[in-house]
Amino acid sequence: MDETRGPSLLDAIRDFSENASPLDFVLIAQHWEMFLTGIGYTVLLVAVSLVIGGAISLPLAVARAYRIRYVNQAIWAYVYLFRGTPLLVQLYIIYYGLGQFEPVRESFLWPVLREPLWCTLIAFVLNTAAYTTEIFRGAIEAVPHGEVEAARAYGMSSWHRTTRIVLPNALRRALPAYSNEIIFMLHGSVVASTVTIVDILGAGRILNSKYYLAYEGFLAAAVLYMLLVYLVTRGFRLWEWRWHAHLRPREA
């Protein structure tokens, strides 16, 4: 009785995916755990680097905006170095280059610098901190001078003017540009796959190489990156709507 029955729906879907469809979506779905691992590594690297890089960039941006002597020039050199070179080159120098020096291999930092995950995180932090420093610096300098003068006339100290007036205003202004930096960082995170980390693109490469595929793994990775970018843009849109609530017209 069972031998006379036709193929099941699952078998029909599998046959269509393997033979008729231009994309073997069943094969991609069968490796969902690998792509889930890739999403985890990508989100982890990007999120941690943005948090640490943002914390580093804020005081650097204040120092740049206020033209603090000597410190300003050093920060400018750091920002120019990491904005002027590709992220992939920075990662290669940290992961492959530093290990060529014997003092580095014999130092207490070697257990960290020999691991691809830590090297990638260091490169991401330094890179995003440089870009975010310039974003925040521009936002701080764009704060209306009248608001600062009003705070000074009110008797606020320089610290209170910065923390209560300048920085909140600057952070609101920096949101659109900073959302772009997060998206660029998310796209730039694909370089992690070049140092053996199984991120989203790394999972796609493994799938392609394992089954001698041309594009299925890359297309699946592209869809996942698009979904993450959509979540970022929607999140920042809601954030901007809340932070800029005082700028919206009010009903009479």
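Reader: Which residues of α4 meet which residues of α8?

Author: When two helices pack, start by listing who touches whom. In this predicted model, α4 brings I75, Y78, V79, F82 and R83. From α8 come V125, L126, N127, A129, A130, Y131, T133 and E134. Sorted by class, that contact has nine nonpolar, two polar and two charged residues.

Reader: At what angle do α4 and α8 pack, and how far apart are their axes?

Author: Picture each helix as a line. For α4 and α8, the lines make an angle of about 120 degrees and lie 9 Å apart. The crossing is left-handed.

Reader: Okay, α3 and α4 next. How do their axes cross?

Author: The axes of α3 and α4 come within 9 Å and cross at roughly 120 degrees. Angles from 65 to 115 degrees count as roughly perpendicular and those over 145 as roughly antiparallel, so α3 and α4 are oblique to each other. This crossing, too, is left-handed.

Reader: And which residues make that contact?

Author: On the α3 side you'll find L60, A63 and R64, and on the α4 side V71, N72, I75, W76 and Y78. By class, the contact of α3 with α4 has six nonpolar, one polar and one charged residues. Look for I75 and Y78 in both lists: they are in the α4 contact with α3 and in the α4 contact with α8.

Reader: Now for burial. Which residues of α5 are buried?

Author: Here's the general idea: an α-helix has 3.6 residues a turn, so residues three or four places apart point the same way. In α5, residues 87-97, the buried ones are L87, Q90, L91 and I94. Looking down the axis of α5, they fall within an arc of 95 degrees, so they line one face of the helix.

Reader: What covers those buried residues of α5?

Author: Among the elements covering them are α4 (71-83), α8 (116-141) and α10 (158-188).

Reader: Can we try single residues? Is T132 buried or exposed?

Author: Check the relative accessible area: under 20% counts as buried. T132 sits in helix α8 and is buried, at 0%. Leaving out residues up to four places away in sequence, T132 touches S57, Y178 and E181.

Reader: Where is H31, and what does it touch?

Author: H31 lies in the loop between α2 (25-30) and α3 (32-65). H31 is buried as well, with a relative accessible area of 14%. Again leaving out residues up to four places away in sequence, H31 touches L207, K210 and Y211.

Terms used
Residues numbered from 1 in each chain as written. Predicted model: local features only at pLDDT ≥ 70, side-chain atom pairs only at ≥ 80, totals over all residues. Heavy atoms only, no water. Buried < 20%, exposed > 50% of the residue type's maximum accessible area, 1.4 Å probe, protein only. Helix = DSSP H or I, 4+ residues; strand = E, 2+ residues; numbered from the N terminus. Arc of directions from axis to C-beta. Contact = heavy atoms within 4.5 Å. Axes fitted to C-alpha atoms, helices over the stretch in contact; angles between N-to-C directions. Left-handed = near helix turned anticlockwise from the far one by under 90°. Nonpolar A, V, L, I, M, F, W, Y, C, P; charged D, E, K, R; others polar. Parallel < 35°, antiparallel > 145°, perpendicular 65-115°, else oblique.
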